Amino acid sequence: MPDLFPIHLLDLAAEHAAYQAELDAAWRETVQQAAFIQGPAVGEFATELGAHLGGAHVVPCANGTDALTLALLSLGLPPGTEVIVPAFTYVATLEAAALLGLKPVLVDVLPDTFNVDPAAVRAALTPRTGAVVVVHLFGQCADLEELTAICQPAGVALIEDNAQALGATFSFASGATAYAGTVGEVGTTSFFPSKNLGCLGDGGALFTRDAACASLLRQLANHGQSQKYRHQRIGLNSRLDTLQAALLRVKLRHLPAAQHRRQAVAVRYDAALASLPGLHLPARDPRSSHVFHQYTIKVEGAGRRDALQAHLQAHGVPSAVYYPLPVHAQPAYAYLGYRLGQFPVAERLCRQVLSLPVHPELSEAQVAYVAAVVSAF
Ligand SMILES: *Cc1c(COP(=O)(O)O)cnc(C)c1O
């Protein structure tokens with residue numbers, strides 16, 4: 001019987017220990033081959049991940065933030081072009097647009113799924129809008145049906161920040177199903193260690209269904225060069241290390257099983273925490289699968305979320321607040337001129353959300369214990 005404690009928010013050491021020999025072999029082979037930049041594992045990983053995502057083209061890069069920068073760069077938008085982004089997300093989603101001299105335009109999110117509100121996106125469209133960056137927050141797809149219907153006729157690019165929902169699928173009214181990140185013009189992801197598919201350092205990738213777009217992204221990620229020392233465009237030095245690609249090939253093989261265990265943990269929480277007063281479980285959009293990058297509950301009542309977090313901590317249960325501040329309240333983005341009160345849902349979520357441990361290595365006893373501690377509160 002494994003110990004109940006410690007309970008981790010994420011337990012990468014335990015996850016990796018289960019296939020340590022495979023990671024060791026990948027590491028050793030990479031060191032022996034000594035092709036550390038653009039070595040064979042990079043292309044092999046891209047092909048395997050593409051197959052995993054229904055045949056999308058995959059362009060690896062250095063991290064998820066660069067992936068967003070590269071996606072926007074590939075659109076060639078003139079400075080000042082408006083880029084619509086949700087007010088409730090990780091800051092990287094805006095950072096890329098801001099660094100490129102584009103104008104982030106914030107919109108509010110939906111209170112149940114935490115994802116961008118399509119009606120708010122529609123209302124924010126102007127003749128100066130060049131792109132909409134949506135985030136599939138916490139592992140569930142934003143409303144890709146509505147967002148596609150808004151962007152396509154307007155000639156506005158849809159970029160999917162898929163750092164948190166790799167492998168999630170969305171079912172359209174037409175009956176078609178697509179993987180998150182492969183619906184818009186370009187999708188991006190991150191292999192930051194804590195993501196559902198994380199490497200052992202920084203990494204990222206872009207997705208597209210269009211071969212020409214993939215080739216442009218590949219160029220942009222490698223100094224804009226079409227061939228060695230021939231630079232067509234101003235690009236970035238943003239490549240996935242061969243070593244990370246080799247390790248990611250191993251982890252990709254184990255992703256479906258890990259994904260399964262995350263979803264099983266979520267199902268147990270759903271059952272154990274149902275109908276607690278003042279507590280809302282993560283809403284599930286029936287059109288999207290949920291890969292539970294986070295299992296995020298909402299706690300009603302002034303100060304109650306923080307009190308629950310303290311109660312959990314006192315009982316040995318870690319939890320986290322993603323995100324404590326909406327992006328328009330971040331000093332770096334004060335220049336955008338937004339005021340508190342403008343995105344009430346995002347602001348309320350920042351006071352109410354709490355993410356519970358949902359990683360694949362949690363035992364049934366640990367999940368039951370966490371649920372019991374929450375219920376006792
Ligand atoms: C993690 C994350 C990123 C950034 O990825 P990095 O690899 O850390 O640069 C971007 N967007 C979202 C929504 C994320 O969760």
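I began with the overall division: the chain splits into domain 1, residues 12-249, and domain 2, residues 255-376. A reminder to myself before going on: this is a predicted model. I then looked up the spacing, and the C-alpha centres of the two domains are 24 Å apart.

**Entry: the interface**

How many residues of each domain are in contact with the other? I found 42 from domain 1 touching 37 from domain 2. Next I wanted an area, since interface size is often quoted as the accessible area lost when the parts come together. For domain 1 and domain 2 the buried area is about 3400 Å², and carbon and sulfur atoms account for 62% of it.

**Entry: polar links**

I went on to the polar side of the interface. There are 18 residue pairs in polar contact between domain 1 and domain 2, with both partners at pLDDT 80 or more. Which elements give two or more residues to the side of domain 1 that touches domain 2? My list reads α1 (12-17), α5 (92-99), β3 (103-107) and β6 (169-171). Of these, β3 gives the most, with four residues. I also sorted that side of domain 1 by class, which came to 24 nonpolar, 11 polar and seven charged residues.

The salt-bridge count between the two domains is one. I looked up a salt bridge by residue as well: the side chains of Arg 287 and Asp 143 meet at 3.1 Å, N to O.

**Entry: His 136**

Is His 136 buried or exposed? His 136 has a relative accessible area of 0%, so I noted it as buried. Setting aside neighbours within four places in sequence, I listed its contacts, among them Asn 115, Cys 141, Glu 160, Asp 161, Asn 162 and Gln 164. The list for His 136 also includes Ala 142, Leu 144, Ala 165, Ala 180 and Gly 181.

**Entry: Gln 294**

My last stop was Gln 294, which I located in the loop between β12 (279-280) and β13 (295-299). Why did I write Gln 294 down as buried? Because its relative accessible area is 12%, and the cut-off for buried is under 20%. Which residues does Gln 294 touch, not counting those up to four places away in sequence? I noted Phe 138, Tyr 322, Ser 355 and Val 358.

How values were computed:
Residues are numbered from 1 along each chain as its sequence is written. This is a predicted model: local features need pLDDT of at least 70, side-chain atom pairs count only at pLDDT 80 or more; totals for chains, interfaces and linings use all residues. Side-chain values use heavy atoms; hydrogens and water are left out. Domain bounds come from an automatic or database domain assignment. Contact means heavy atoms within 4.5 Å. Buried area is the accessible area (1.4 Å probe) that two parts lose on being put together, summed over both. A salt bridge is a side-chain nitrogen of Lys or Arg within 4 Å of a carboxyl oxygen of Asp or Glu. A polar contact is a pair of N or O atoms within 3.5 Å; within protein, one must be able to donate a hydrogen and the other to accept it, and residues adjacent in sequence count only if both atoms are side-chain atoms. Ala, Val, Leu, Ile, Met, Phe, Trp, Tyr, Cys and Pro count as nonpolar, Asp, Glu, Lys and Arg as charged, and the others, Gly among them, as polar. Buried means under 20% relative accessible area, exposed over 50%, partly exposed in between (1.4 Å probe, protein chains only).
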